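Work through the exercises below with the model open. Try each task before reading its solution.

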Amino acid sequence: METNAVSGIGETAARLNGTADPNGASTSAWFQWGTSTAYGNTTSASSIGSGSSSVSYSFNLSALQCGTTYHFRAVAQNSGGTAYGSNSSFTTSD
């Protein structure tokens, strides 16, 4: 489970990136995000399959505030439980 570097940072948008290994079980993945490590927001979940190798996934955030620092982490869940990536942060452009 990894929280990868954010990409496409603009004034009001950013692309969150993560990687998870389903370990052979049907897995859903999403991101938690917000202006603190309490997050407070989640993206919609997407299926990353049931393979046995790491799968990259991403989500485009929009309507963010200019010049604001946001925290996020990747999350994945399957029958084996829920895994959380480490916290990462980015700051939107002014």
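**Exercise 1. Classify G49 as buried or exposed, or in between, and list its contacts.**

Step 1: take the accessibility. G49 has 27% relative accessibility, so it counts as partly exposed. The classes are buried under 20% relative accessible area, exposed over 50%, and partly exposed in between, with a 1.4 Å probe and protein chains only.

Step 2: G49 belongs to strand β5, residues 46-49. Strands (E, at least two residues) and helices (H or I, at least four) are DSSP runs, numbered from the N terminus.

Step 3: list the contacts, meaning heavy atoms within 4.5 Å. With neighbours within four places in sequence left aside, G49 touches P22, A25, S26 and T27.

Step 4: check a distance. V6 is 43 residues from G49 along the chain, and their C-alpha atoms are 23 Å apart.

Two notes on method apply throughout. The model is predicted: local features need pLDDT of at least 70, side-chain atom pairs count only at pLDDT 80 or more, and totals for chains, interfaces and linings use all residues. Residues are numbered from 1 along each chain as its sequence is written, and side-chain values use heavy atoms, with hydrogens and water left out.

**Exercise 2. Find the strand order of the open sheet that has 3 strands, and name its edges.**

Step 1: trace the pairing. Two strands pair if DSSP finds at least two bridges between them. The order is β1-β2-β6, and the pairing is antiparallel.

Step 2: find the edges. β1 (2-7) and β6 each pair on one side only. From one strand to the next, the twist averages 20°.

Step 3: inspect one pair. β1 and β2 (residues 14-20) run antiparallel and are joined by 4 bridges. N4 faces N17 in β2.

**Exercise 3. Which strands pair with β7?**

Step 1: take β3. It pairs with β7 in the antiparallel sense over 7 bridges. A29 stands opposite A76 in β7.

Step 2: take β9 (residues 88-91). β7 and β9 are antiparallel, with 4 bridges. H71 has S89 in β9 as its bridge partner.

Step 3: take β8 (residues 81-84). Again antiparallel, β7 and β8 share 4 bridges. A hairpin with 2 residues between the strands is formed by β7 and β8.

**Exercise 4. Describe the aromatic pairs F31 with Y57 and W33 with Y70.**

Step 1: apply the rule. Rings of Phe, Tyr and Trp (its six-membered ring) pair if their centres lie within 6.5 Å; planes under 30 degrees apart are stacked, over 60 edge-to-face, and the rest tilted. The count comes to 5 aromatic pairs.

Step 2: take F31 and Y57. The pair is tilted, at 4.9 Å centre to centre and 35° between the planes. F31 is in strand β3 and Y57 in strand β6, 26 residues apart. F31 is buried at 0% relative accessible area. Y57 is buried as well, at 8%.

Step 3: take W33 and Y70. This pair is tilted too, with 6.0 Å between centres and 55° between planes. W33 lies in strand β3 and Y70 in strand β7, so the pair ties together parts 37 residues apart in sequence. Both W33 and Y70 are buried.

Step 4: join the rings. Ring pairs link F31, W33, Y57, Y70, F72 and F90 into a cluster.

Note on methods: Axes fitted to C-alpha atoms, helices over the stretch in contact; angles between N-to-C directions.
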